[in-house]
Every structure is written in structure tokens, then in C-alpha cells.
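Take a look at it first, and then read on.

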Amino acid sequence: MRRNVRERLRAALGFRSLAALGVLVTGLVGLGFGASSCVGEEGLKAYGCPNPAVFTASVSPYLERRCGTLDCHGQATRPMRIYGQLGLRHPAENNVSGGASTTQLELEANYASVCNLDPAAMQQVVDDLGSTADKLLLVNKARGLERHKGGKIVNEQDPGDLCILGWLGFKDAATVAASCAAAIEPLE
Amino acid sequence: MVAVSYGRRFAALSLAVALGALGCNGNDPIPQEVIDGLPAEVGSPSALHRPGQPCLSCHSTYGAAAPAFAIAGTVYKENAMGALAAAPNVKVEIFDSAGPSRFACTNAAGNFYIEKDKWSDLTFPLKVRAGQRSMNSIIGREGSCGACHKLPSDDRPDNGAGRDSAGVVLVDDGDTDPICGGGAP
């Protein structure tokens with residue numbers, strides 16, 4: 001039966017076409033295996049990163065407002081993609097920009113996105129409890145010390161800077177929340 | 001001081017000009033993809049043309065259409081049937097991060113713009129109010145309203161709101177301003 005099928009195909013397509021088809025199928029199977037082994041958001045969580053609860057409660061709302069607009073990091077093509085109520089919505093859900101509040105899935109995606117922007121340096125920040133936070137791209141791009149298409153976002157020690165640094169420095173939740181709330185207020 | 005021949009200077013200058021020209025002649029794939037995706041022009045270009053489209057794609061240094069804009073967009077209202085219609089005579093006020101606010105008025109197509117020459121030091125982020133409605137978010141760095149406030153499409157019905165679009169800029173019917181030739185709000 002299998003031989004008949006192969007012979008019929010060979011007769012219909014010719015040997016070269018059949019060989020090309022074989023190469024194509026092999027390539028597609030290889031591509032499938034390759035894609036399945038890509039590191040996704042789940043795998044990325046293996047890297048160290050400061051407190052997720054503080055991030056989702058305080059830091060993500062600030063980043064959503066300041067960085068996650070549709071013309072900046074609220075774009076699918078941009079590094080450090082940020083989802084949120086007023087920006088880009090998660091593709092696995094059916095919300096629209098400006099609609100429902102930021103979802104848990106979006107908060108988790110934002111955490112993964114920020115934590116894995118600079119994973120080795122972020123691991124170091126975790127290991128030294130934030131004392132090397134000023135080495136992170138996240139901090140230096142926001143401060144305008146590294147090239148950033150959106151320009152300088154924060155000044156050192158202003159509420160936005162303290163919001164991010166407080167989280168990276170394992171400050172208590174209330175301290176981080178106060179800085180982040182102060183940073184959000186002028187954006188509303 | 002090393003003497004450089006006129007021939008070499010001319011060659012270097014030619015190369016610089018050629019490289020500069022390459023940079024703004026369809027060779028930047030991101031803005032070019034937006035421009036290539038725009039529908040064909042209807043009629044001839046004017047202040048009323050292409051409502052709802054991302055104006056600065058063309059009215060910019062890259063797009064080279066004159067005049068270059070600092071910020072531009074289109075404002076809509078919903079008519080009695082619930083369909084989108086142009087909202088003329090609306091005051092659009094833009095607050096930048098550095099100086100006092102400025103405003104523009106929408107024309108018969110709902111279009112408004114401020115030319116780049118007239119606001120060359122525009123500083124992002126911006127806040128915007130159209131008529132009596134203020135934007136919920138800031139504008140990070142995009143001068144075209146239509147880049148984020150996209151027109152309705154098959155996957156974004158009604159007012160164009162979707163996963164990556166806030167929907168068209170909407171004001172209430174009758175939300176006009178005397179300073180823009182409309183009645184009292």
C-alpha cells in the first residue's frame with residue numbers, strides 16, 4: 001500500500017519534485033521542532049527577578065502609563081513589550097485598548113518582559129539585593145543614560161526612578177507603592 | 001594639515017549626499033510599510049484628504065509631503081444612526097511637557113494639524129483634549145493620532161477599537177467651540 005502511494009506520487013510528480021517535496025517536509029518538521037524548543041514566557045521565569053507581587057501591584061501600573069502607550073512599548077514589535085488597559089492588549093484575550101482593566105495574564109507578561117530584558121544583570125540585582133540596579137538597561141534607558149528612542153523618562157531620584165529602584169532594591173511594598181503612585185499621578 | 005584634492009572632496013560630498021538620500025527614499029522599512037499600506041488617494045491632496053489616516057507617515061521628514069506636521073489627526077462623532085462622521089469645528093488642545101498648550105481646530109473632514117515649523121520644540125510626552133474629552137493616556141512620541149486611533153476594519157468593527165487600537169478619536173455630537181467657528185459647547 002505504502003509502495004503504491006510512493007509509486008503513484010513518483011509517477012505524478014517526477015523524482016525531482018518528490019525529492020524537493022521531501023526536503024520541504026523535512027524542513028517544516030525541523031522548523032516545528034525548533035519552534036517548540038524556543039524559550040517562551042514560561043521558560044523565562046527561571047531567571048531571577050525581584051518581588052512579583054510588588055511589581056504587579058505598583059510598578060506595572062506605572063510602566064503601563066508611562067512606557068506602555070500604543071506608540072511606545074505597547075507595540076508588538078518593540079522590546080520590553082508592555083500590555084495594559086490603555087495600551088496593547090494580550091493576544092490570548094479579547095480585550096480592546098481603553099476597555100477592561102489590565103488582566104492578571106497581562107501583568108504576568110509585563111513581569112516576564114521586564115525581568116528578561118537584561119536577564120544576567122537582573123540575576124545580579126537579585127543576588128546583591130538591588131545594589132547593582134544602576135547597571136540595568138531598564139534603569140539606564142529610563143534615565144536617558146543609554147540610547148533610548150523615547151528619550152529620558154525619569155530623573156534620578158524622582159518618583160518614577162524611585163518606583164523602579166524601590167522594587168529592584170527589595171524595598172517594602174508600601175514604600176514602592178507610594179513612589180509609583182506619585183509617579184502615576186501627573187500622568188492621569 | 002593634509003591637503004585634499006577637490007576631486008576627493010567632491011567624491012566624499014557626493015557619497016554623503018547619496019547616503020543621505022538613501023536614508024529617506026523608501027529605505028526605512030517601518031515607515032515605508034505604513035505608507036505602502038495606505039489606500040489610494042481620492043481626489044487631490046488637500047487639508048481635507050485622507051481623514052483618519054496617520055498623517056505624519058507622509059507629512060514628515062521621511063515622507064517628505066509638505067507641510068511637515070508636529071501633530072495631526074482626525075476627530076469623529078457618531079451621527080444619529082450611530083455611524084462615524086467627521087466632527088468639524090472642534091478645538092483640539094495639546095499640552096506638551098515643556099511649555100504652554102496650543103490648539104488647532106478641526107476642518108470639515110474632522111482633520112486638524114499643527115505644522116512642525118510652528119512647534120519645532122514640541123516636547124513629548126503630550127496630553128490632549130479634543131472638545132470636552134481628554135485622552136486617558138499620554139502620547140509617548142507619535143505625532144499622528146491615526147497611528148494608535150485606527151480606523152474601523154474587519155477585525156476592529158464599530159469605532160476601530162481593538163487589541164492595538166484605541167479606536168478613532170470621538171467627541172460628542174455638538175461638541176464644537178466658538179473659537180473654531182462652532183457654537184458654544
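## Ground rules

This is a predicted model, so local features need pLDDT of at least 70 and side-chain atom pairs count only at pLDDT 80 or more, while totals for chains, interfaces and linings use all residues. Residues are numbered from 1 along each chain as its sequence is written, chains are lettered from A and ligands numbered from 1 in the order in which they are written, and side-chain values use heavy atoms, with hydrogens and water left out.

## Where the chains meet

Let's start with the interface. Chain A brings 22 residues to the contact and chain B brings 16 (contact means heavy atoms within 4.5 Å). The size of an interface is often given as the accessible area lost when the parts come together. Here, about 1500 Å² is buried between chain B and chain A, and carbon and sulfur atoms give 57% of that (buried area is the accessible area, with a 1.4 Å probe, that two parts lose on being put together, summed over both). On the chain B side, Ile138(B), Arg141(B) and Arg163(B) lose the most area to chain A, and together they make up 47% of what that side buries.

Strand S8 (161-162) and strand S9 (165-166) of chain B are the elements that give two or more residues to the side of chain B that touches chain A. (Helices, H or I with at least four residues, and strands, E with at least two, are DSSP runs numbered from the N terminus.) By class, that side of chain B has six nonpolar, five polar and five charged residues. In this scheme Ala, Val, Leu, Ile, Met, Phe, Trp, Tyr, Cys and Pro count as nonpolar, Asp, Glu, Lys and Arg as charged, and the others, Gly among them, as polar.

## Pockets

Now for the open spaces. The largest pocket holds about 1800 Å³ of space, and 45 residues line it, with Ile30(B), Pro31(B), Val34(B), Glu142(B) and Ala147(B) nearest its centre. On a 1 Å grid over the protein atoms alone, a pocket is an open set of points with protein on both sides within 12 Å along at least five of seven lines, a cavity is a set where a 1.4 Å probe fits but cannot get out, and lining residues have an atom within 4 Å of a point. Grid points are joined across faces, edges and corners, and a volume is the space filled by probe spheres set on the points. H2(B) supplies the largest share of this lining, four residues. The lining divides into 19 nonpolar, 14 polar and twelve charged residues.

The second largest pocket has about 650 Å³ of space. Among its 32 lining residues, Met135(B), Asn136(B), His149(B), Ala166(B) and Val169(B) are the closest to its centre. S6(B) gives the most to this lining, with three residues.

The structure holds one cavity of 30 Å³ or more, and about 60 Å³ of space lies in the largest cavity. Its lining includes Gly52(B), Tyr76(B), Cys145(B) and His149(B). Strand S1 (residues 69-78) of chain B gives the most to that lining, with three residues. By class, the lining has five nonpolar, six polar and no charged residues.

## Local details

Which peptide bonds are cis? The one from Ala66(B) to Pro67(B) is, with omega near -5 degrees, and Pro67(B) lies in the loop between H2 and S1 of chain B. The bond from Phe124(B) to Pro125(B) is cis too, with omega near 0 degrees.

Over in chain A, Met80(A) has phi near 50 degrees, a positive value in a residue other than glycine. Thr132(A) sits in the loop between helix H6 (119-127) and helix H7 (137-142) of chain A, and its side chain makes a polar contact with the side chain of Asp128(A) (2.6 Å).

Definitions and conventions:
Polar contact = N/O pair within 3.5 Å; in protein donor to acceptor, adjacent residues only side chain to side chain.
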